[in-house]
Every structure is written in C-alpha cells, then in structure tokens.
Amino acid sequence: MESERQINQYRTPYFLIDQDELESIVEELQAAIQLYWKNTIMGYSFKTNSLPWVVEFFRKKRFYAEVVSDDEYNLAMKMDYSKNKIIYNGIIKSKETFLEALENGCIVNLDSEREILWLMDTDTEKHYSVGIRINFDLEQMCPEQSQCGNEGGRFGFCYENGEFARALAAIKQYQNIEVKGIHLHCSSKTRSLDIYRAVSFMACRIKREYQLDLDYVDIGGGFFGGLKDKPHFADYFQCISEILCKEYDKEKTKLIIEPGMSVIGSPVSFVTSVIDVKETNRNLFIVTDGSRNNIDPLMTKTSYFYEIWHSDPDIRSKAVDKQVVVGYTCMEHDRLFELKECRKLQPGDKIVYHKAGAYTMCLSPLFIKYFPDIYVKKGEKYRLVRQRWSEEEYIQNSIRW
C-alpha cells in the first residue's frame with residue numbers, strides 16, 4: 001500500500017502506471033519466448049492503450065508496433081518506430097499507408113477485398129510479401145468459448161466457405177506478390193489454452209492443405225496477464241509450440257504475437273476520491289470524482305479490482321449495511337460497485353481501481369470531464385507523463401466562425 005503522502009500528493013482522478021511491474025511482465029514474456037520459440041516477433045497492440053509514453057516504452061523494449069488504422073500507423077512513425085518494424089492489421093487501412101507499409105517492408109496482413117485490389121498499384125518491378133488474415137469457425141472447435149458465439153467473427157477471409165482459397169488465388173494473380181504469412185487472431189470469452197490449441201491446429205492445417213511456404217505465423221494476442229490463477233505466458237507458448245512444431249521449423253518460421261491487455265492491463269491503476277456522501281430513502285450513495293467511463297467504458301464489467309484508502313485511518317465508525325459507489329456523471333447507470341457491512345466512506349477517502357490499463361484511456365469518452373492526469377511510478381518516484389486536458393486542449397484544431 002502506498003504511503004499517506006503518496007495517496008494525497010496528487011489531484012484525483014488520475015491513472016498511475018507502475019513501471020516496475022510493467023517491466024517484470026515484459027521479462028516474463030521474453031523468458032517464455034526464449035524457452036519455447038526464440039524466433040518470435042513481439043508486436044504491441046496500439047489499440048489497447050496508445051498513450052505515447054506506453055508505445056515509446058514498448059519501442060525501447062524492441063516490440064514492433066501492431067496497428068490497425070492509418071492513424072495508428074502514422075502514430076507509430078511519429079513515435080520513431082523503425083519504418084519496417086510495424087505490423088499492419090485491420091480493415092480500415094488507408095490505401096496510402098497500405099502501399100507505404102509494403103514499400104517499407106512492414107508486416108502487412110490483408111483483411112479486406114479492397115486491399116487485394118490495391119496490390120495492383122504496387123511497383124511491378126519489385127517483389128512484395130504479404131500476410132492474410134484467416135477467419136475460421138472457432139465456435140465449432142471451442143464451443144461456448146468464442147466471443148461471438150454462433151454469430152461468428154467478422155474479420156479475415158473465411159476458410160470454411162472458400163473465401164480464403166479465393167483470396168489466395170486472387171493474390172497469386174500478381175506476379176510480384178507472394179503470401180508469406182497467415183494471421184489467425186481470434187477473440188474469445190475464456191482466453192483459455194484451448195483457443196490457442198485451435199489457432200495452432202488451424203495454422204498447421206492450412207499450411208498442409210494449401211502447401212504454403214510461410215515466413216511467419218501470427219497468432220495475435222488475447223492472452224491473460226497479471227492473474228495468478230489464470231494461464232501464464234509460458235503455458236500459452238508451450239501449448240502453441242507443441243502443435244506448431246508438427247508443421248513448422250522453429251528456426252525458419254517466425255512466430256508473431258500481438259499482446260495488449262496481457263502486458264498493459266495489470267500495471268495500471270486509476271485513483272479516485274470520494275467527493276460526497278448522499279443518503280436517500282433507498283440508498284447511501286458514495287459519489288466519486290472518477291466514473292465507470294474511465295475504467296469500464298464499454299459498460300460490460302460486473303466487478304473490479306479495487307482497494308480503499310481512508311483519509312483518516314484512526315476514525316472508528318460503525319459499519320453500514322450497504323453503500324453504492326457511483327461516478328460523477330449525470331447518468332444513473334454510472335454505478336461501480338456496492339459495499340456491504342463496511343465502514344462508512346467519507347469525502348477525501350480514496351478508491352483505487354487496479355488492473356485498469358487496457359481499453360480504458362483509449363476508449364474513455366470526452367463526456368462531462370476531459371482526460372485526467374497520468375503518472376508513471378518507478379520505485380518511489382512519480383512522473384507526470386500526460387497532463388489533464390482543459391478546455392484549451394478540447395477546442396484545439398476547432399474552426400470557429
């Protein structure tokens with residue numbers, strides 16, 4: 001637990017990145033790679049958290065940038081990623097950055113019909129390598145574990161209905177283009193080892209069936225991270241390696257991973273303060289200066305990792321039956337959690353939400369309040385890495401008339 005001085009030193013709300021924990025997670029990942037598949041490219045998923053300090057941290061750790069739009073591609077270039085150290089995925093690439101990425105030798109995974117057509121505009125005097133994202137029926141292989149269930153995923157070219165085979169044939173019409181990689185990232189509800197066994201099995205099956213000579217297999221991300229009772233990086237890599245080895249040579253074929261949540265989710269906290277206590281005939285509401293928007297912008301979570309720091313630890317107060325912790329917004333559903341049979345909270349108390357680094361800073365809307373401060377903690381030292389927005393930042397680039 002932080003010292004009282006650290007608790008009260010900074011104006012809430014703010015995000016806090018624990019750099020020591022982040023470095024420890026990266027070391028664990030690298031150790032698993034060394035143990036099971038040394039020939040691995042680590043790509044950091046920009047969409048998970050594209051805070052400039054974060055993407056620079058991963059660049060220094062020799063991660064590639066894994067980007068899914070022209071904006072993210074341009075951000076990677078702006079943040080000094082080497083021009084060929086970018087993995088370009090997604091369905092909203094611009095034609096300009098798509099062609100530029102190919103020229104720069106980036107890893108480009110095709111995910112739409114228009115991208116196949118764009119290959120027509122490459123230099124016919126040069127040779128280019130591309131990857132292709134594959135859509136396969138994960139729900140059939142792992143019942144009740146895929147994110148979309150019976151509706152199926154929407155990304156990539158479908159294996160089962162022949163769209164993947166058709167896409168391969170279309171690409172082969174270009175004499176200067178060769179498919180040298182496959183991308184099989186799948187979203188799941190469970191993040192279980194079964195998912196990665198299925199992905200690895202499909203990678204082997206497709207290589208055999210289409211007799212592909214591949215430079216890389218991109219399995220994407222979606223791993224657990226920072227939870228003791230869930231699979232660790234070594235568990236994932238062991239099961240992936242055991243299956244891929246049946247068709248792929250570890251020395252010749254690169255394994256590409258694209259972690260996001262598993263590396264940045266755990267080491268980030270969100271610190272809030274109690275600003276009011278409001279009692280109605282039905283509830284005791286604890287109003288805070290943070291919001292569900294900040295830590296659960298998709299409004300899907302049912303519980304949070306949190307702890308409470310009392311501003312006066314010596315107060316002896318009777319426990320109350322129920323307290324409802326709520327956010328600052330004007331939305332009734334901005335309710336975070338309930339406390340049962342706990343000491344009554346008071347203005348000035350802190351509620352700290354842990355494991356809040358994934359899909360929070362990047363998805364939080366500019367609704368009622370603007371972006372909060374962000375600090376990085378290294379040892380006992382704090383450093384401000386993004387200053388909270390004011391109305392000045394909000395109106396920047398606006399055209400007034």
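Guide: What follows is a close look at one group of aromatic rings.

This is a predicted model, in which local features need pLDDT of at least 70 and side-chain atom pairs count only at pLDDT 80 or more, while totals for chains, interfaces and linings use all residues. Residues are numbered from 1 along each chain as its sequence is written, and side-chain values use heavy atoms, with hydrogens and water left out.

A pair of aromatic rings is described by the distance of the centres and the angle of the planes. Rings of Phe, Tyr and Trp (its six-membered ring) pair if their centres lie within 6.5 Å, and planes under 30 degrees apart count as stacked, over 60 as edge-to-face and the rest as tilted. The structure holds 23 aromatic pairs. In one of them, tyrosine 44 and phenylalanine 58 have ring centres 4.2 Å apart and planes at 10°, so this pair is stacked. The pair links distant parts of the chain, 14 residues apart, with tyrosine 44 in strand S2 (residues 40–45) and phenylalanine 58 in helix H3 (residues 52–60); helices (H or I, at least four residues) and strands (E, at least two) are DSSP runs, numbered from the N terminus.

Phenylalanine 58 also pairs with phenylalanine 63, this time edge-to-face, with 4.9 Å from centre to centre and 70° between the planes. Tyrosine 44 counts as buried at 0% relative accessibility, and phenylalanine 58 likewise has 0%, where buried means under 20% relative accessible area, exposed over 50% and partly exposed in between (1.4 Å probe, protein chains only). Phenylalanine 63 is buried too.
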